[in-house]
Amino acid sequence: MTEQPLSPFHPEQLQGTLSELCTVHDWLRWAVSRFHQAGVYFGHGTDNAWDEAAVLLAHVLFLPPLTDDKLLPVRLTLHERQAFIDLLQQRIEQRIPAAYLTQQAYFCELPFYVDERVLIPRSPIAELIKNKFANLLEPGFTPTAILDLCTGSACIAIACAYAFPDAQVDAVDISPDALNVAQINISEHQLEDRVFPVLSDGFAALQGQHYDLIVTNPPYVDAEDMDDLPEEYRHEPELGLASGVDGLALTRQILRDAAAHLTEQGILVCEVGNSMVELQYRYPDVPFNWLEFNSGGLGVFALTKQQLINSQHLFEEA
């Protein structure tokens, strides 16, 4: 009977590893090999093994993202090597995404605290925020009232507050746990006077509130895809992912209710990811403006208040 090779994290294997690998480059290369060997999934902030390893190593070294090649020949202390190995072992054996291990993710180039109470920020909506929703808002119009529906960590709400310094932003979520994380980030960015966490099931607690811009990244994973998700997604709250059999349970509510909460010049921007195919199938006569992104991403549409009103009968029939 053939003996199984030892795990790369077995003490006998690590003894040589700790002494042979010295530099940042050495350890990044070794981590990339281990990731590929283990077949881990990437997609929670990074999309490849090198960047994932760099996120974890930067955390160990108390450094910003490792984008400077001058750091590659720098040697690690024995303590730093062991700390990096510990993180790699958790990442590989428990399939915990790097952002949860470091408790930090970047969105719109801004740092955010994250843990398993919220999804890890990764929405292509970041590109729209950086461009201040150019070609969507009417020329010369600047939103002063913004809603981030299904806010999670409040990354969209906070990024919008930076993009529009005169705006007030409501950060709404159904999860008290998510709002606790949102409050951490609002405080860290010192935006308590402009970004307000609100506990609400959709628009239920927002009676009489109107917004120039509603941005939402609701749950949109259908039941079939939920069953097939890589293990990394099992660490994220199911409440932030699953949305009924077809992935559109919450999106349908948003389409029905959004017009009543938009100002006359207001727009709705909504992400539905892979469920865009199902959404187009269910509402073939709705003039969804599907947005394109230079940095990649799909499944984000925009609708004006008037377009929502004109399609109201379709949303109510569904």
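**View 1. Tyr211 meets its bridge partner in strand 7, Leu262.** This close-up, like the others here, comes from a predicted model. Strand 6 covers residues 211–216 and strand 7 covers residues 262–271. The two run in the parallel sense, paired over five bridges.

**View 2. Trp290 and Phe301 make an edge-to-face aromatic pair.** Their ring centres sit 5.5 Å apart, with 75 degrees between the planes. Trp290 belongs to strand 8 (residues 289–290) and Phe301 to strand 9 (residues 300–304), and this pair links parts of the chain eleven residues apart. Phe301 is buried, with a relative accessible area of 0%.

View 3. The structure holds nine aromatic pairs. In one of them, the rings of Trp27 and Phe84 have centres 6.3 Å apart and planes at 80 degrees; planes over 60 degrees apart count as edge-to-face, so that is what this pair is. Trp27 comes from helix 2 (residues 24–38) and Phe84 from helix 4 (residues 78–93), so the contact ties together parts that are 57 residues apart in sequence. Both Trp27 and Phe84 are buried.

**View 4. Here is the second largest pocket, with a volume of about 180 Å³.** What lines it? Glu127, Leu128, Asn131, Phe133, Ala134, Asn135 and Leu136 are among the lining residues, and so are Asn289, Leu291, Glu292 and Asn294. Sorted by class, that lining comes out as five nonpolar, four polar and two charged residues.

**View 5. Asn135, one of the residues lining that pocket, has a positive phi without being a glycine.** Its phi is near 70 degrees. You'll find Asn135 in the loop between helix 6 (125–130) and strand 3 (145–149). Is Asn135 buried or exposed? With a relative accessible area of 80%, Asn135 is exposed.

**View 6. Ala154 is another non-glycine residue with a positive phi, this one near 75 degrees.** Ala154 sits in the loop between strand 3 and helix 7 (155–163). Its relative accessibility is 0%, so Ala154 counts as buried.

Note on methods
Residues are numbered from 1 along each chain as its sequence is written. This is a predicted model: local features need pLDDT of at least 70, side-chain atom pairs count only at pLDDT 80 or more; totals for chains, interfaces and linings use all residues. Side-chain values use heavy atoms; hydrogens and water are left out. Rings of Phe, Tyr and Trp (its six-membered ring) pair if their centres lie within 6.5 Å; planes under 30 degrees apart count as stacked, over 60 as edge-to-face and the rest as tilted. Helices (H or I, at least four residues) and strands (E, at least two) are DSSP runs, numbered from the N terminus. Buried means under 20% relative accessible area, exposed over 50%, partly exposed in between (1.4 Å probe, protein chains only). On a 1 Å grid over the protein atoms alone, a cavity is a set of points where a 1.4 Å probe fits but cannot get out, and a pocket is an open set with protein on both sides within 12 Å along at least five of seven lines; lining residues have an atom within 4 Å of a point. Grid points are joined across faces, edges and corners, and a volume is the space filled by probe spheres set on the points. Ala, Val, Leu, Ile, Met, Phe, Trp, Tyr, Cys and Pro count as nonpolar, Asp, Glu, Lys and Arg as charged, and the others, Gly among them, as polar. Two strands pair if DSSP finds at least two bridges between them.
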